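Student: I would like a close look at one part of this model, the place where two of its chains meet, and then at what lies behind that place. Please take it step by step.

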Amino acid sequence: MLSKLVSIETLKPKLKEMRFLLYLLQKNKLTKLALYVAVGLFLVALLAPFIVPYASHIRDEANPSNKLLPPSKEFFFGTDELGRDVFSRVLYGTRISLNTAVLSVGLALLIGVPLGAIAGTIGGWIDEVIMRITDIFLSFPPLLLAIAIVSVMGPSLQNTMLAIALSWWPWYTRLVRGQAISLKERKFIQAAEAIGTSSYKIIFGHIVPNTISPVIVQASMDMGGVILTIASLSFLGLGAKAPTPEWGLMISTSRNYFLNAWWYSVFPGLAIFVTVLVFNLLGDGFREILDPKTRKN
Amino acid sequence: MKTYFEVKNLKINNQTFEGVPTVLDIDHIEIQRGKTYGIVGESGSGKTVLALSILGLLQCPPGEIESGEIVFEGENLLKTSNRYMEQSIRGKKIAMIFQDPMSTLNPVFTVGYQIIQVIRKNQRLSEKGAYKKAVEMIKTVKLPDAEDIMKKYPHQLSGGQRQRVIIAMALACGAELIIADEPTRNLDVTIQASILKTLKELQKKFHVTILFIANNLSLVSTFCDELAILYKGKIIEHGRVRDVLRNPQHDYTKLLIRSITKDTLSKDKRKESKEVLLEVKELKKYFPVKKKFSKKEGVWVKAVDEVDLTIHKGEVVGIVGESGCGKSTLVNTILNLHQPTGGQVIFDGNNMFTLKKNELRKVRKDIQIVFQDPYWSLNPRWLVKDIVAEPIKVHRNLDEKSLLKRIEELLEMVGLPKEAAFKYPHEFSGGQRQRIAIARSLAVNPKLVVLDEPTSSIDVLSQAQILDLLDDLRERLELTNILISHDLSVVNYMSDRIIIMYLGKIVEYGRSVEVFKNPLHPYTQALFNSIPDIEKEGVESLATIEGNVPSAINPPLGCRFHTRCPKVMEICKEQLPEMKCIENDHYAACFLLTKEELGKKEVYLDINKSHKDKS
Amino acid sequence: MGSYIRKRLILGLIVLLGVVTITFTIARVIPSDPAAKWVGPRATQEQIQEARIELGLDKPLIVQFGVYLQNLIKGDLGYSLRTHQPVSKELAAFIPATLELVLLSFLFAVIIGVPLGIYSAKKKDRLLDHISRLFSIGAVSLPTFWVALFFQLIFYSRLGILPLGGRLSTEITVMFDIPEITGMILFDSAVTGQWEIFKDALMHMVLPCITIALYPIGLVARMTRSALLEVLNEDYITAARSYGLKENKVLWSYALKNTLGPTAIVLTLSLGYTLVNTFLVEAIYSWPGLGNYVATAVVTLDYPAIMGATIFSAICYVTLNIVADIIIALDPRVRL
């Protein structure tokens, strides 16, 4: 009973802080708009199977009679070479892209954050080793690393995710390490040391929670970049495979028809653009409000 | 007579999360030409906002000047254009000295370049003429090797030197009114005294008016002719310095005055225990000098060099010294946060440096620390209950229910409500946060609590309460305290014994009553006399020590203080003076304290021997 | 300073060694037999075995790695499995085309991105700032390959004013001798004064160049803006103003010099991005550069070619990083 009470009590101040953050986010109109669109995108992603007009067009179904029709009341974004509704496929693509991007970033965070916190807090040779490895991964152009990985493991969305996570984690390691080093100078870390708290608890109890704000900013900004990379890889034939309605893949296929069916490539492209834009705007907004310099006021 | 400078009905707002609170609401400030006018206010009282508004540099938004006038030589500055301010007022007529000399100088330009730019903007001089003038100004503010200083980047200068450069810049403009916004904050007291003296001398030489803003009443009252007390954006009291001090009207002013004239606690009740709790023997802590990428062997910062001290159960020992003297390193090494370079620390019968990890953890439980700044010493992401529970979780096994009970008990002990447990640190004021930090330090019933500047970053109103709380807790829980502070009044108030450190060494120690009454070491004397207090009239009464604190990388041979000591002798440069017991447990290390001078009282005693005698 | 650069170079070499090791490992994990690739699909088992010995694939992996490293130092990247040509020679033939594209786009990024960022910071929160911010965020949010297609759709198919792809029109290659000094046609034709070729090459470069430049322009503008705003918030800027220094002086000298470090870092970073982005763009504009080369190599699992290109990119990346670090070190605040 008591512990239940405790958890509610614990939540209250957290909610208060969240409300404050939301308030700050809303102060910038553009960020506010981006926030709404982002929520909308996640909703679409979640509900995609239920809201697309032609659910069967998600798969390999062919309707030759309808092929390459321009946008109309029936097919908002026209149809593709198999006569499938581009609107349904673009809508469903949201689910695929967001899902892949969230998982990739999540995986990268899972690798990068602890390594960065350990390197920054403990220092010494552990730091040296971790940072050298990070340097090596950073010297690969991300796309090239992804290409290399996918060419070993074969193209599939899972491998794309893995490839992206592998090329993205070093950024989080660097970020968190820098944070950890400056946090280490804070007195509450020294207080914990004086108390006799173990390094494990200091790293994961004190350091990691305090790096959350910059990590969230970075992650939300990275979402855009990751979605772009997924699309690029699929475009190169190194990601999703047909008939998955992945945006990059759709544009890739549309290349063969783009001179006489502009809608086929334009709408998936716009979808990518809008989604990436929204995340970049959000990231920018986050950065502005979480920046201690602007937060002082 | 026309008023030189006047502020009338100034109201300034600031946009924040919760509506629009007024930052400044000043009815009237009036400054006569050539005078020094002081404004005393704590951080957040709106001092800097006022300074920036005078120069028309307040960022709007978020700031907003609602109404009022700032009249300078008959002209309302708030009504003039930015262009006019830029061309005719800023620099030419009014210049500002900022509080942090490091961030006030542009890091990527040499000092000389920056001064020359300012001179050329405000005076019609050729490049050569400006250079000459700059060198002259640097000499005027008493910096040695002016030509050399010109070529340096800001980071190559010490804090005191940087502040002198900034004073030179302000004067080089030819400004007649200088706004000094806490010009000596972050500087050591001995440096502060000499900067203040220079500033005063130059004020007379150049006939400038100074608006002096600070948070320290003693400082302002020593430096200024008139003063005003700024409290929550309002001037609550103003007048001639003596009048305000003798006859304060407002409660806040009275409290301010009381806070800096507090007597010592009556320590008679304290039982003098002979039982030794902590013994430090020849403790050394050297840090290797790490040049980026190349570790040269054998270059060390001798932060703590062969320090001995003994602390008895139940007493409060104050450690005093300027920044870099090694007081914090000493404490951190005692706490085993640093690996010692040599020596022993014996706590409660355990040799701290030879203990195994397990045993060390147990012993550590008995030593806790309260840090200076309660804004940084509490994890902002943790609830108060988790913060206070941290030591308990490390050292003991309690179930959730008794843990919560214990936390509530601790919060009550430090005078906080139970509900505080479920809040985050940022919801509390500085004083309350310090109470949380104290609660945490007491959570596992320690024997020794180190207080590292416990009141220096909280507001005046809470300071006295915190000190009383600490004293009360010490008595109730039979604690022993080490108190580190640069604020002599705090040390005097709290401690039974006092230790004075300079550059990694103890130069004097003894019963605080004795030391305060009769400081023996030249450094102690200078230190005590360089601190402004409201009894002192004018900066001339402050003692100064010339020169900078030497680097601890290559501490001077012989007595560490000889490079700055006014009474230096040949022997001081060659030999290290021994610690001698002068009278009644009052020790000092200085060659001046010889047989002849001290007559019969003198007793030669090695400090180690005296320890052995006791135990 | 000298010792710092030396240390940094050594670290760079270590990183490169790591890259080589990883690429080598990846290449060996690829589920395909290089020897079989070498001799072609119709070879007999014996021929494959021979090829294996010829290529040194029969030796232990560690020995192979040693040999590879040894050759690498000599600049020998092995032979392409597809064309049987030395990879280094092939790279040398493809790199200038990419370099030309990258450098020109980078130039765009600098001359548009930096001023845009400065202007935006100067006019913070005014309409023009909002427009420029939206533009720069938009620029980094566009999928490059899609932009490339879109441009083709408009400028080639609809308007017909720019070519679809390639480096030169067929007529030009037939009619003229293309000068080969650096391999960068724009430069070579300008030097030799063959304006006919220059004009044709320029027309071909417009679309790929703008496509690639969009991202770095946006990136550089955003970063310059935020770096400058941060500096403008510093005390020394307020102090400079308080001494009556002119606003222009404060901005262009006092503030801007402090943003040189961060801006230069973003520039080097964006150069890296540009290099990678060309991979996508080259495929669409049939630009005969490194990207196209890698794309073909990936499809045919031509591992020496992939490795060669990867190592080349990694060298570029590491060099750029070292340059960025040296720029940081030039700041007088950083004590070495």
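Student: With which side chain does the side chain of C:Arg222 meet in a salt bridge, and at what N to O distance?

Tutor: The partner of C:Arg222 is A:Asp284, and the two side chains meet at 2.8 Å, N to O; a salt bridge here is a side-chain nitrogen of Lys or Arg within 4 Å of a carboxyl oxygen of Asp or Glu. Before going further, note that this is a predicted model, in which local features need pLDDT of at least 70 and side-chain atom pairs count only at pLDDT 80 or more, whereas totals for chains, interfaces and linings use all residues. Residues are numbered from 1 along each chain as its sequence is written, chains are lettered from A and ligands numbered from 1 in the order in which they are written, and side-chain values use heavy atoms, with hydrogens and water left out.

The bridge between C:Arg222 and A:Asp284 belongs to an interface where the rule finds two salt bridges. Between chain A and chain C there are also three residue pairs in polar contact, with both residues at pLDDT 80 or more; such a contact is a pair of N or O atoms within 3.5 Å, where within protein one must be able to donate a hydrogen and the other to accept it, and where residues adjacent in sequence count only if both atoms are side-chain atoms.

On the side of chain A that touches chain C, at least two residues each come from helix H4 (124–139), helix H5 (142–153), helix H9 (212–235), helix H10 (247–254) and helix H11 (262–290) of chain A, helices being DSSP runs of H or I of at least four residues and strands runs of E of at least two, numbered from the N terminus. H11(A) provides the largest share of that side, 14 residues. By residue type, that side of chain A divides into 30 nonpolar, seven polar and seven charged residues, where Ala, Val, Leu, Ile, Met, Phe, Trp, Tyr, Cys and Pro count as nonpolar, Asp, Glu, Lys and Arg as charged, and the others, Gly among them, as polar.

In total, 44 residues of chain A are in contact with 44 residues of chain C, contact meaning heavy atoms within 4.5 Å. The two chains bury about 4,000 Å² between them, with 77% of that area on carbon and sulfur atoms; buried area is the accessible area (1.4 Å probe) that two parts lose on being put together, summed over both.

Turning to chain C itself, its secondary structure comes to 14 helices and zero strands, and its C-alpha atoms fill a box of roughly 85 × 55 × 35 Å along the principal axes. Of its 336 residues, 51% count as buried, a label for residues under 20% relative accessible area, with exposed meaning over 50% and partly exposed in between (1.4 Å probe, protein chains only). Among the contacts in chain C with a separation of 6 or more, 71% join residues 24 or more positions apart.

C:Asp129 sits in helix H6 (residues 127–141) and C:Arg225 in helix H10 (residues 195–232) of chain C, 96 residues apart, and both residues are buried. In chain A, salt bridges that share partners join A:Glu128, A:Arg132, A:Asp135 and A:Arg174 into one network. Chain A also holds a salt bridge between A:Arg84 and A:Asp80, with the closest N and O atoms 2.9 Å apart; A:Arg84 counts as buried because its relative accessibility is 5%, and A:Asp80 is likewise buried because its relative accessible area is 1%. Over all chains, the structure holds 32 salt bridges.

Chain C also reaches chain B, as B:Val118 shows. B:Val118 lies in helix H4 (residues 111–122) of chain B and is buried, with a relative accessible area of 1%. Leaving aside its neighbours within four places in sequence, B:Val118 is in contact with B:Met169, B:Cys173, C:Tyr243 and C:Leu245. Within chain B, the C-alpha atoms of B:Val118 and B:Ala170 are separated by 8.7 Å, although these residues are 52 apart along the chain.
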